[in-house]
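Take a look at the sequence and the fold, then follow the notes below.

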Amino acid sequence: MHKDTDAQELLHVGQMSSRKGSATSQGNGLSSSSRDGDDLELAELGPLLEGKGAQGASGSASAKEQPCTAPQEEEEEEEVVRVLTLPLQAHHAMEKMEEFVYKVWEGRWRVIPYDVLPDWLKDNDYLLHGHRPPMPSFRACFKSIFRIHTETGNIWTHLLGFVLFLFLGILTMLRPNMYFMAPLQEKVVFGMFFLGAVLCLSFSWLFHTVYCHSEKVSRTFSKLDYSGIALLIMGSFVPWLYYSFYCSPQPRLIYLSIVCVLGISAIIVAQWDRFATPKHRQTRAGVFLGLGLSGVVPTMHFTIAEGFVKATTVGQMGWFFLMAVMYITGAGLYAARIPERFFPGKFDIWFQSHQIFHVLVVAAAFVHFYGVSNLQEFRYGLEGGCTDDSLL
Ligand SMILES: [Zn+2]
């Protein structure tokens, strides 16, 4: 509220000075010619602002000024004198900046084409239009969640995924202890998976939301976003290894340690500034694909020890295979930027590769949760006994 008043005052001062040529007018609000002047100045800000928005602001300000009395006119004159003492050029720049901040604050910006984006916002040159302009205001970024632009689909796919996994996680944690053999241990194990999923999805929707804030903010959040993917993969391994190698604590510990080392390495690599650049799109897909595919070794171990039939039935390998196919397809589409590379400009808003990748990540994590839940149920059915001669 306080800031709103501040912004209005800024705008008011700005308009006073833009009226300096006609300061003697009888206070009937802005004349149409000075309004045109405002628009002209706003036009210099490039394609960032909406024309009708500018007029709207002038209109509302003029409505407030209408009951103008003599003392107010004196105040206005004083203000004009004060404003004229400023160096004119610097003042003009300030004025434009104030107007721009006010417009962004009010959410009156419009989408811009790829060509006019600053370098730090240029990521996918197959998305030709519909980009948000740089908006150094968190409030404006968060309000843009409800607007249509290139990131709308990316934000919502993982925002809804985040809500889904938060809900599933809470349900699992609140499940009565009688459904577990070792409730505390098993809830910690499931908790690791949900923590990974919730962190990954929330870092992701937050990154896509504040991506247009500024170079520094976008860089910081992109690192969190990539680290989140590593956390999701690490967290997914925990319950799977726990139940698949239920009666073999030694290989379980070894595989768990290896995936932790690999995951932390991926997080360290993600802190490298150039990791996020378009040039390293394939590197990124490769790092996370490699981390996920490290699961091939324990899968082979399980399949060789238990046989193909047990691996697909008891071991739920069908579900984990489906999960892997989804992740790999997602990473492939992401790296190759399919479908937009074949139809540039046709997938600017909906069905671009990044959105498909997001949906596949959420679906794969859900399939993984389903497979792990079946593993948990199976071990519960055995009453946690490790007497079965061949089962790991
Ligand atoms: Zn993303």
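Let's begin with a pair of helices: α7 and α15 cross in a left-handed way. Keep in mind that this is a predicted model.

**How α7 and α15 pack**
- Helix α7 covers residues 152-173, and its axis lies 8 Å from that of α15, at an angle of about 10°.
- Because an angle under 35 degrees counts as roughly parallel, α7 is roughly parallel to α15.
- On the α7 side, the contact is made by G153, N154, T157, H158, G161, F165 and L168.
- On the α15 side, the partners are H354, Q355, H358, V359, V362, A365 and F369.

**A closer look at α15**
- Helix α15 has 29 residues (353-381), so at 1.5 Å a residue it should span 42 Å.
- After α15 comes E383, which has a positive phi, near 60°.

**What the record says**
- An unreviewed UniProt entry annotates "transmembrane region" at residues 155-176, 188-212, 224-242, 254-273, 285-305, 317-336 and 356-373.
- In the model, residues 188-212 are 92% helix and 0% strand, with end C-alpha atoms 37 Å apart.
- Residues 356-373 are 100% helix and 0% strand, and their end C-alpha atoms are 26 Å apart.

Key:
Residues are numbered from 1 along each chain as its sequence is written. This is a predicted model: local features need pLDDT of at least 70, side-chain atom pairs count only at pLDDT 80 or more; totals for chains, interfaces and linings use all residues. Helices (H or I, at least four residues) and strands (E, at least two) are DSSP runs, numbered from the N terminus. The expected span of a helix is 1.5 Å times one less than its number of residues. Axes are lines fitted to C-alpha atoms, for helices over the stretch in contact, and angles run from 0 to 180 degrees between N-to-C directions. Angles under 35 degrees count as roughly parallel, over 145 as roughly antiparallel, 65 to 115 as roughly perpendicular and the rest as oblique. A crossing is left-handed if the near helix is turned anticlockwise from the far one by less than a right angle, and right-handed if clockwise. Two residues are in contact if their C-beta atoms, placed from the backbone, lie within 7 Å. UniProt positions are given in the numbering used here, feature names are shortened, and annotations may be inferred rather than shown by experiment.
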